[in-house]
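Me: I would like to go through a structure with you, one topic at a time. Please keep the answers plain.

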Amino acid sequence: LFVRMVSGKARADQIKPPCYETHYMVEDYAGSKSMTCLMARRYANPPLMKLLCSHLVLAPSARGWSCNANRAFGPVTGRYVATGALLLLVWCAVVAGLGFAADRASGGRLHRMVIPPRSQQRPGIAQGARGSISAKAAKAAARAAEFARRADALASEKKFPAARIEYQNALQLDPGNINALLGLGQCAMQLTRPMEARRAFESAVGIDPSRLDAITNLVKLARDYGDVPLAIRHAQKACEMSPKDPTCVILLSSCFQVTEDYEAAAREAQRALNLDPSNLNAHLAVALVEFSRRNFDEAERSYKEALALSPNLADATLGLAAVCHAKGDKKGAVALLKDILERQPDNLAAVSALVDLYVTQGNLKDAIALCQVVTERHSDYYVLRSKLSALHVMNGNINQAYKTAAAILRDKPDDVGANLILAEMFLQAGLPSRSMEYSRKVLDDRGGLIPANKLLARAFLEK
């Protein structure tokens, strides 16, 4: 039992006649530390005396009770109080024992409650509260699903910034919506926000560890942004979850290729091909590994096997063009790339490869003309627009390069290529502080982006 007695001056003045009052620190029932201050008052009024004695704080031992009572009320009264407290405890124990014995004798019927069926229960306050909470949660989930559907429609139209906002609205209402988390991660990847994408996919995996699509996206993020050991662990986990899925094995092969462990990469690529000989990506993975090992004949054979399965496969034709360029046949490479563009005029990979090929030949005029034609049709090809700005720098047209990069940042303020180009331009112009602004803007959400870190380090040295 622990009862606080607190009385202020106003209350003391109302009770007449006061005799004296004292303050004592009283130990709690375990005697471990002081808990509160007992304000004990002794008055000449006997009924009031009994009232105060009935609210006395009890200490753990009889000696403690007597001591506290003696100090508050005097030695004689203290003994009476201690004795009365002991008798009260004995009486409570006897009553509890009698009740327990009666309950045992009745077979437990005294304390057993009969709960009616749910259909006969009246909705009480707690049930009504639960019902209102459930209704609110259902309403929030419905609104979140509506936001997610709207975001899916925007993402299918490649309106990734607007879709990202809708996914965030959905997650504010329903943080456990896995589809919204996956959609947000995909939009963040498209907008080059790897940290945000990683958080979204990790949250999805935390809710449902069996989501293979979230794990594969984590593999791609870790692989592309420098954390290859983590990418390998995620890829191995995906292979364990789905051992007969060649996609997971191909991802593991690509991770080994980044680390230049070509033996392991070739082994995993061949394993994927054995799992599904008709898988085009498996053929491309084998060819890419052989190309990296400079086995150009083997790479060419694998690319041609992929083209035999799918004659219009642009990735295989791009690989053949790379093989021709590596062998020194630049005209053959240009012919293959132009063949892709005749069938697919807006193939970004083919345009970028042909622009790079023109640059290696020193043909900046054709490279700039090709970039301008394609970017006029597709203003959302930010990679190609950044490449156009870099080509203007190489051609000595600094003003046009700045205008092109600034136009990109107006449409997409966090574009990596445009920010890096402007950082490089200002650094070469002798303005390291401006260069650092653009490098830091890129690094706000991309701490592992090596080119931006290098530019920032150069700017510090220049400054």
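Me: How many salt bridges does the count come to?
Reply: The count comes to 20 salt bridges. A salt bridge is a side-chain nitrogen of Lys or Arg within 4 Å of a carboxyl oxygen of Asp or Glu. This is a predicted model, in which local features need pLDDT of at least 70 and side-chain atom pairs count only at pLDDT 80 or more, while totals for chains, interfaces and linings use all residues. Residues are numbered from 1 along each chain as its sequence is written, and side-chain values use heavy atoms, with hydrogens and water left out.

Me: Why can such side chains pair?
Reply: Side chains of opposite charge can pair when their charged atoms come close.

Me: Which side chain does glutamate 146 meet in a salt bridge?
Reply: Glutamate 146 pairs with arginine 150, at 3.4 Å from N to O. Both belong to helix 5 (residues 125-156), and because they are 4 residues apart there, about one helical turn separates them. Helices are DSSP runs (H or I, at least four residues), numbered from the N terminus.

Me: And is glutamate 146 buried, partly exposed or exposed?
Reply: Glutamate 146 is partly exposed, at 42% relative accessible area, and arginine 150 is partly exposed too, at 38%. Buried means under 20% relative accessible area, exposed means over 50%, and partly exposed lies in between (1.4 Å probe, protein chains only).

Me: What about arginine 293, which side chain does it meet?
Reply: Arginine 293 forms a salt bridge with glutamate 263, at 3.2 Å from N to O. Arginine 293 is in the loop between helix 13 (280-292) and helix 14 (296-309), whereas glutamate 263 is in helix 12 (residues 262-275), so this pair ties together parts that are 30 residues apart in sequence. Arginine 293 is partly exposed at 30% relative accessibility, and glutamate 263 is exposed at 53%.

Me: Where do aspartate 297 and lysine 327 lie?
Reply: Their side chains meet in a salt bridge of 3.1 Å, N to O. Aspartate 297 is in helix 14, and lysine 327 is in the loop between helix 15 (314-326) and helix 16 (330-343), so parts 30 residues apart in sequence are tied together by the pair. Aspartate 297 is exposed, at 56% relative accessible area, while lysine 327 is partly exposed, at 44%.

Me: Which residues are linked with them in a network?
Reply: The network of salt bridges links Asp297, Glu300, Lys304 and Lys327.

Me: Changing topic: how many residues has the largest nonpolar core?
Reply: The largest nonpolar core has 53 residues, and those with the most contacts inside it are Tyr167 and Phe201. Apart from it lies another core of 25 residues, among them Ala321, Tyr358, Leu370 and Val374. A nonpolar core is a set of buried Ala, Val, Leu, Ile, Met, Phe, Trp, Tyr and Cys residues joined through side-chain atoms within 4.5 Å.

Me: What is phenylalanine 201 in contact with?
Reply: Leaving aside neighbours within four places in sequence, the contacts of phenylalanine 201 include Leu182, Met189, Ala214 and Leu221. Contact means heavy atoms within 4.5 Å.

Me: Is serine 253 buried or exposed?
Reply: Serine 253 is buried, at 1% relative accessibility, and it lies in helix 11 (residues 246-258). Not counting residues up to four places away in sequence, serine 253 touches Ala265, Glu268, Ala269 and Val289. Serine 253 and alanine 265 are 12 residues apart in sequence, and their C-alpha atoms are 4.3 Å apart in space.

Me: What is phi for lysine 158?
Reply: Phi of lysine 158 is near 65 degrees, a positive value in a residue other than glycine. Lysine 158 sits in the loop between helix 5 and helix 6 (160-173) and is exposed, at 58% relative accessibility. Arginine 294 also has a positive phi, near 65 degrees. It is in the loop between helix 13 and helix 14 and is exposed, at 60%.

Me: Last topic: what is the mean pLDDT of the chain?
Reply: The mean pLDDT is 76, and 74% of the residues reach 70 or more. Over residues 1-73 the pLDDT is below 50, and it stays under 50 over residues 109-130. The pLDDT is the predictor's confidence in each residue, from 0 to 100. Where pLDDT is low, the predicted coordinates should not be read in detail.

Methods: Helices (H or I, at least four residues) and strands (E, at least two) are DSSP runs, numbered from the N terminus.
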